Amino acid sequence: MRRSPVRRPAPLRDLVGVGVGPANLSLAALAQPLDGLDAVFLDQSGSFRWHPGLLVEGARLQVPFLADLVTLADPASGWSFLNYLREHERLFPFYLAERFHVRRAEYDAYCRWVAERLPSLRFGHRVDTVGFDPERAVFDVRYTRTEPVDGVESRGRVSTRAVVVGVGTEPHVPQELRSLWAAPGAPVLHAADYLEHRETLVEAGHVTVVGIGQSGAEIFLDLLRRRPVGRERLHWLGRTEALAPMEYSRLGLEHFTPDYTRYFHGLAEPVRDRLVASQWQLHRGIDDETLTAIHDELYRRALGGGWPDTVITPGVSVHGARRPSPAAIELRLDHAQQNTTGTLATDAVVLATGYRERPLDGVLGDIADRLGRDARGRFRVDERFRLVLDPTIAESGCRVYVQNAERHTHGVGAPDLGLVAWRSASILNDLIGEERYPLPRRSAFTRFGLAGGVMAGP
Ligand SMILES: Cc1cc2nc3c(=O)[nH]c(=O)nc-3n(C[C@H](O)[C@H](O)[C@H](O)COP(=O)(O)OP(=O)(O)OC[C@H]3O[C@@H](n4cnc5c(N)ncnc54)[C@H](O)[C@@H]3O)c2cc1C
């Protein structure tokens, strides 16, 4: 493959966004009306797609539609979900439907509508590194075009004084299952690729879904609905000790507010770590509607007498696996509460084993030794979503912001779509040095912590 010349004067932008998922798409939408702010957003994908492998029919967003890209920071923005509906002449049907939680596919379509109209987005651009040029006091962002034109792989550079990294998450496969997943033979796939392989799974003799979270529940339900009554031949297993519903009480949801985010950021690092681990039901449970739908479907299948041919067992770890032949899979199971082990023969496995934050060390590798780290080597992120930089960069006024890479510093709300618009607006206000988007000083009825150590009266 021929390469185009690398050395060209790099254009200087006010802001470069790395990655265009909902987080940086929100930032791009809120940045668009800001006069004089020259921003560009680069994403390695060919176009905007939101978790395409899991846009299962009927699956809904777990946040109300008001948690779109802009509304909770700027309800008057033209990039709102309601304006998307107006443009598509669907406002009245939506109003009459009275459903606050829209379908996941509709959220994806709305985001694509925004992405196709924002001039600042560049798809097919993978950011390789962000370096720092001390002479010009700018970041040097290097990228590769992921879709070569006429066989020419082109690389480029853009300079900027502010970078917002929004590279999101990637599918996680536990170490003990990696070789099973990577080897050819009977299908073993991550939930992120579910829809692409659904027909194969529907036709497989026996299917095991590993992982008792939201994706595992949705896939189990979808397969259950598509397999013959009495011959479902489905196992659903996971390490989680119970089929726990996701916390969805009104006051419980106040953990996903700016107030809780600020409170959490002020806590000591060991306390924050302990809290994130203990709050799994706030973000790793299963929504009540999906659990009800699974029970309904199982009940319907039991009406003719007998039980559906399904096994649902929480508290089970899959601690190993092998392929006795290319067409067969054997999982080694472990039940901690019972202190028992067993094996399960199956013909296909779906690993609904979650997602992990994409490591930033690749993209930020060139400045990695200039970034502040905590006791566990993670990046330190200040209250305004800025990475803590060493003085040589910090004193130049250059900044690196992160979106959805700060759960360890800002809490369970980091990946939540309900905080996306607020976080984007906070970043833009900080960047331009004025409160262009006025943000609420109070956002929850709960008062988190004692103000100044003293419990004031009403
Ligand atoms: C199936 C699913 C459903 C979810 N549903 C909800 C929900 O209902 N409510 C909720 O609050 N949260 C939900 N979440 C959690 C979360 O909000 C979403 O995952 C959301 O997509 C996160 O947005 P993001 O912009 O941070 O990252 P992502 O959506 O992961 O986007 C990151 C982007 O960065 C790009 N990228 C990565 N590396 C580079 C690079 N080097 N150069 C250029 N581009 C790069 C990727 O191509 C990608 O487009 C869900 C998550 C999943 C997996």
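Buried means under 20% relative accessible area, exposed means over 50%, and partly exposed lies in between, with a 1.4 Å probe and protein chains only. The model is predicted: local features need pLDDT of at least 70, side-chain atom pairs count only at pLDDT 80 or more, and totals for chains, interfaces and linings use all residues. Residues are numbered from 1 along each chain as its sequence is written, and side-chain values use heavy atoms, with hydrogens and water left out.

**Whole chain**

- The chain has 14 helices and 21 strands; helices (H or I, at least four residues) and strands (E, at least two) are DSSP runs, numbered from the N terminus.
- The radius of gyration of the chain is 24 Å, close to the 23 Å that the globule rule gives for 458 residues, so the chain is as compact as a globular protein of that length. The radius is taken over C-alpha atoms, and the globule rule is 2.2 Å times the number of residues to the power 0.38.
- The C-alpha trace spans about 75 × 70 × 50 Å along the principal axes of the chain.
- Of the 458 residues, 51% count as buried.
- Among contacts with a separation of 6 or more, 70% come from residues 24 or more positions apart; contact means heavy atoms within 4.5 Å.

**Helix α1 against α14**

- Helix α1 (residues 22–31) packs on helix α14 (residues 420–432) at an angle of about 55°, with the axes 9 Å apart. Axes are lines fitted to C-alpha atoms, for helices over the stretch in contact, and angles run from 0 to 180 degrees between N-to-C directions.
- That angle makes α1 oblique to α14. Angles under 35 degrees count as roughly parallel, over 145 as roughly antiparallel, 65 to 115 as roughly perpendicular and the rest as oblique.
- The crossing of α1 and α14 is right-handed. A crossing is right-handed if the near helix is turned clockwise from the far one by less than a right angle, and left-handed if anticlockwise.
- In α1, Pro22, Ala23, Ser26, Leu27, Leu30 and Ala31 meet residues of α14 that include Arg423, Ser424 and Ile427.
- By class, this contact of α1 with α14 has 10 nonpolar, 2 polar and 1 charged residues. Ala, Val, Leu, Ile, Met, Phe, Trp, Tyr, Cys and Pro count as nonpolar, Asp, Glu, Lys and Arg as charged, and the others, Gly among them, as polar.

**Helix α1 against α4**

- The axes of α1 and helix α4 (residues 104–117) come within 11 Å and cross at roughly 45°, which makes α1 oblique to α4.
- This crossing of α1 and α4 is left-handed.
- Pro22, Leu25 and Ala29 in α1 meet Tyr107, Cys111, Val114 and Ala115 in α4; the contact of α1 with α4 has 7 nonpolar, no polar and no charged residues.

**Single residues**

- Gln281 sits in helix α10 (residues 280–283) and counts as partly exposed at 33% relative accessibility.
- Gln281 and Glu247 are 34 residues apart in sequence and 5.9 Å apart in space, C-alpha to C-alpha. Neighbours within four places in sequence aside, Gln281 is in contact with Ala244, Pro245, Met246 and Glu247.
- Asn404, in the loop between β21 (399–402) and α13 (407–410), counts as buried at 15% relative accessibility.
- Leaving aside neighbours within four places in sequence, Asn404 is in contact with residues including Gly168, Glu357 and Arg423.
- His51 has a positive phi of about 40° although it is not a glycine, and its relative accessible area is 36%.
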